[in-house]
Amino acid sequence: MRAEPAFAPGAAAPPLALASLDHGPQSLAALHGRPVIVHFFATWCEPCREEMAGLRRLAGRLAEMPPKNRPAILAIDVGEPATRIRRFLAQEVAGGPLPFPILIDEDRAAMKAWKVAFLPTSHVLGADHTLRFSATGPVDWDDARVPAALDGLLAAATPTAAFTLPALPDNSGSPQQ
């Protein structure tokens, strides 16, 4: 199941500033001038758990880009305490620490501000932090179309509404509980 995004392409992203597990406070404003992938998830959400490995691989591919052009990834855990998130990462996410920050939205304020009703939800923002693409449901970050779409984020001054983030096969997201 894939729902329509809460924000239309070209809309300005809501503010975002949260604590993270291991990277200190994080804010969207601090990343101005860089494209950003804002990914909402929860450890109890099975599609979210499966998608985390794809995000790790994407981060590895993005690491080859020059730092000022490299899209940042902000993964936001919704509604869970840090101890549960750490336990999940230690037990379920192979390959050591994730190469991007895990932000903690324990009170769900960011989830509400970003109008997230379904997990996982991903928003891809251009360097000006306007919405370019969204996906409600799990994304196949390994799909060959993703790198080309991300490469175009810096060059494109207008949103690219024609591109749809590819879904993971045979999977759906979880309604927010």
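User: When is a residue called buried or exposed here?

Analyst: Buried means under 20% relative accessible area, exposed means over 50%, and partly exposed lies in between, with a 1.4 Å probe and protein chains only. Cys48 is buried, with a relative accessible area of 1%. Cys45 is buried as well, at 0%. The model is predicted: local features need pLDDT of at least 70, side-chain atom pairs count only at pLDDT 80 or more, and totals for chains, interfaces and linings use all residues. Residues are numbered from 1 along each chain as its sequence is written, and side-chain values use heavy atoms, leaving out hydrogens and water.

User: What is a disulfide, and how many does the count come to?

Analyst: A disulfide is a pair of cysteine sulfur atoms within 2.5 Å. The count by this rule is 1 disulfide. It joins Cys45 to Cys48, with an S to S distance of 2.4 Å.

User: What is the handedness of the link of Cys45 and Cys48?

Analyst: The link is right-handed, with 75° about the S-S bond.

User: Which rings pair?

Analyst: Rings of Phe, Tyr and Trp (its six-membered ring) pair if their centres lie within 6.5 Å; planes under 30 degrees apart count as stacked, over 60 as edge-to-face and the rest as tilted. Here the rule gives 1 aromatic pair. Phe40 and Trp114 form a tilted pair, 6.0 Å centre to centre with 55° between the planes.

User: Where in the chain do Phe40 and Trp114 lie?

Analyst: Helices (H or I, at least four residues) and strands (E, at least two) are DSSP runs, numbered from the N terminus. Phe40 is in strand β3 (residues 36-41) and Trp114 in the loop between α3 (109-113) and β6 (118-119), 74 residues apart, so the pair links distant parts of the chain. Phe40 is buried at 0% relative accessible area, and Trp114 is buried at 2%.
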